[in-house]
Amino acid sequence: MLKLAATEPAYRPEFFQLLLAADVWVPGASTQAHFAADTPVDLQH
């Protein structure tokens with residue numbers, strides 16, 4: 001879906017809905033074991 005959304009604007013709304021519903025892993029670090037929407041994290045670049 002990402003490939004389609006990157007080249008065809010008509011697929012972008014569906015891609016973003018799938019992304020919002022998906023579990024996403026982001027490399028980073030935090031001092032807390034459990035995360036909430038307002039938990040501060042240090043993202044790795």
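This is a predicted model: local features need pLDDT of at least 70, side-chain atom pairs count only at pLDDT 80 or more; totals for chains, interfaces and linings use all residues.
The C-alpha trace of the chain extends over about 40 × 20 × 15 Å along its principal axes.

Of the 45 residues in the chain, 7% are buried. The chain has an accessible surface of about 4,400 Å², and carbon and sulfur atoms account for 61% of that surface.

Phenylalanine 35 is located in the loop that connects β1 (28–29) with β2 (42–43). The relative accessible area of phenylalanine 35 is 54%, and the residue is therefore classed as exposed, the cut-off being over 50%. Phe35 also belongs to a nonpolar patch on the surface, together with Phe16, Leu19, Val24, Val26, Val41 and Leu43. The accessible area of these patch residues together is about 670 Å².

Phe35 is also one of the residues that line the largest pocket. The space in this pocket amounts to about 180 Å³. Besides Phe35, the lining consists of Val26, Gly28, Ala29, Ser30, Ala36, Thr39, Val41 and Leu43. By residue class, six of the lining residues are nonpolar and three are polar, while no charged residue is present in the lining. Val26, Phe35, Val41 and Leu43 are found both in the lining of the pocket and in the nonpolar patch.

Strand β2 includes aspartate 42. The relative accessibility of aspartate 42 is 58%, so this residue counts as exposed. Aspartate 42 and serine 30 are 12 residues apart along the chain, and 6.4 Å separates their C-alpha atoms. Ser30 is itself among the residues lining the largest pocket.

Glutamine 44 is placed in the segment that comes after β2. With a relative accessibility of 55%, glutamine 44 is likewise counted as exposed. Between glutamine 44 and glycine 28 there are 5.1 Å from C-alpha to C-alpha, at a sequence separation of 16 residues. Gly28, like Ser30, is included in the pocket lining.

In the helical part of the chain, glutamine 17 is a residue of helix α2, which covers residues 12–21. Because the relative accessibility of glutamine 17 is 54%, the residue counts as exposed. The C-alpha atoms of glutamine 17 and alanine 6 lie 15 Å apart in space, with the two residues 11 positions apart in sequence. Helix α2 spans residues 12–21, and Phe16 and Leu19 are among the members of the nonpolar surface patch.

Definitions and conventions:
Residues are numbered from 1 along each chain as its sequence is written. Side-chain values use heavy atoms; hydrogens and water are left out. On a 1 Å grid over the protein atoms alone, a cavity is a set of points where a 1.4 Å probe fits but cannot get out, and a pocket is an open set with protein on both sides within 12 Å along at least five of seven lines; lining residues have an atom within 4 Å of a point. Grid points are joined across faces, edges and corners, and a volume is the space filled by probe spheres set on the points. Ala, Val, Leu, Ile, Met, Phe, Trp, Tyr, Cys and Pro count as nonpolar, Asp, Glu, Lys and Arg as charged, and the others, Gly among them, as polar. Patches are made of residues with over 30% relative accessible area and no salt bridge: like charges are joined within 9 Å, nonpolar side chains (Val, Leu, Ile, Met, Phe, Trp, Tyr) within 5 Å. Accessible areas come from the Shrake-Rupley method with a 1.4 Å probe; for residues, only the protein chains shown count as cover. A salt bridge is a side-chain nitrogen of Lys or Arg within 4 Å of a carboxyl oxygen of Asp or Glu. Helices (H or I, at least four residues) and strands (E, at least two) are DSSP runs, numbered from the N terminus. Buried means under 20% relative accessible area, exposed over 50%, partly exposed in between (1.4 Å probe, protein chains only).
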